[in-house]
Amino acid sequence: MTRSLAQTTYDLMRSDVIFGRLAPSARLRLEDLRQQYGVSIPTLREVLNRLAADGFVVAEEQRGFSVAPISAENLKELASLRMLIEMDALARSLRAGDVAWESHVVAVHHKLARTEARMMAGDTSVLDQWKRYDSEFHNALIRACGSDELLAVHSQVFDKYLRYQMLYLTFRGAISGEEHRGMMEAALERDVPTAQAILERHISAGVIHALSAHEDRNGS
């Protein structure tokens with residue numbers, strides 16, 4: 001029961017960090033969190049220590065906990081790590097994926113494409129849904145890589161990268177949608193070089209767009 005409650009709280013807090021509901025560098029006061037999440041102080045300490053170990057929270061000696069800060073340098077580092085991990089996993093997955101994997105990639109892409117169409121039409125109410133489907137799509141592409149360890153590492157890095165996208169609220173519109181479709185088509189054709197080339201362009205352009213949007217928003 002305690003482990004289940006701690007896991008639920010961990011998932012909620014991690015999501016709140018990723019989606020910006022817990023702001024970067026914000027102090028995490030135990031009493032405030034106890035009221036917000038409805039769990040005991042010992043459970044919160046367990047959850048916060050785990051989040052700190054995963055890099056979403058910072059544990060400060062004598063000062064408690066705070067949400068991990070953000071920076072342009074960290075985003076670039078995460079993007080490089082994501083590219084390194086995802087490119088390898090993508091190649092493995094395209095070579096090993098079966099028909100069930102193909103069907104899953106197509107189904108997830110359909111949900112993503114429909115949501116992206118709504119975003120392009122100006123419907124910002126589906127922002128959280130869009131990023132969830134974006135995550136599901138990239139995970140679907142590498143799902144057949146054959147390595148649980150590789151998938152676990154990718155998940156950690158991807159969620160930290162996703163946090164920046166949610167905080168900067170960036171959407172590249174039709175270009176991003178075309179890249180997603182291109183990756184799906186290359187995956188179904190088992191065309192590793194093309195899929196990797198599109199992925200590299202997709203991540204690099206996403207970082208440039210996010211940083212530019214952030215600078216414009218802050219008037220710098």
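Which residues lie nearest the centre of the largest cavity? In this predicted model, they are K131, Q165, R172, S176 and H202, which belong to a lining of 13 residues. A search of the whole structure finds 1 cavity of 30 Å³ or more, and the space inside the largest cavity comes to about 140 Å³. Helix α6 gives the most, with 3 residues. Sorted by class, the lining of the largest cavity holds 3 nonpolar, 6 polar and 4 charged residues.

The largest pocket holds about 190 Å³ of space. Its lining is made up of D11, R14, S15, I18, F19, R132, S135, N139, S155, F158, D159 and L162. Two or more of these residues come from each of the elements α1 (2–18), α6 and α7. The three classes are represented in the pocket lining by 4 nonpolar, 4 polar and 4 charged residues.

Attention now turns to a pair of helices. The axes of helix α2 (residues 30–37) and helix α3 (residues 41–53) come within 10 Å and cross at roughly 100°. An angle from 65 to 115 degrees counts as roughly perpendicular, and α2 and α3 are therefore roughly perpendicular to each other. Where the two helices meet, L30, E31, L33 and R34 stand on the α2 side, while I41, L44, R45 and L48 stand on the α3 side. By class, this contact has 5 nonpolar and 3 charged residues, with no polar ones.

R95 is part of helix α4, which spans residues 72–96. Is R95 buried or exposed? With a relative accessible area of 63%, R95 is exposed, because a value over 50% counts as exposed. Apart from its neighbours within four places in sequence, R95 is in contact with R190 and V192. As for V153, this residue is 58 residues from R95 in sequence, and the C-alpha atoms of the two are 20 Å apart in space.

Definitions and conventions
Residues numbered from 1 in each chain as written. Predicted model: local features only at pLDDT ≥ 70, side-chain atom pairs only at ≥ 80, totals over all residues. Heavy atoms only, no water. Helix = DSSP H or I, 4+ residues; strand = E, 2+ residues; numbered from the N terminus. Buried < 20%, exposed > 50% of the residue type's maximum accessible area, 1.4 Å probe, protein only. Contact = heavy atoms within 4.5 Å. Axes fitted to C-alpha atoms, helices over the stretch in contact; angles between N-to-C directions. Parallel < 35°, antiparallel > 145°, perpendicular 65-115°, else oblique. Nonpolar A, V, L, I, M, F, W, Y, C, P; charged D, E, K, R; others polar. 1 Å grid on protein atoms, 1.4 Å probe; cavity = no way out; pocket = protein on both sides within 12 Å on 5 of 7 lines; lining within 4 Å. Points joined across faces, edges and corners; volume = space filled by probe spheres on them.
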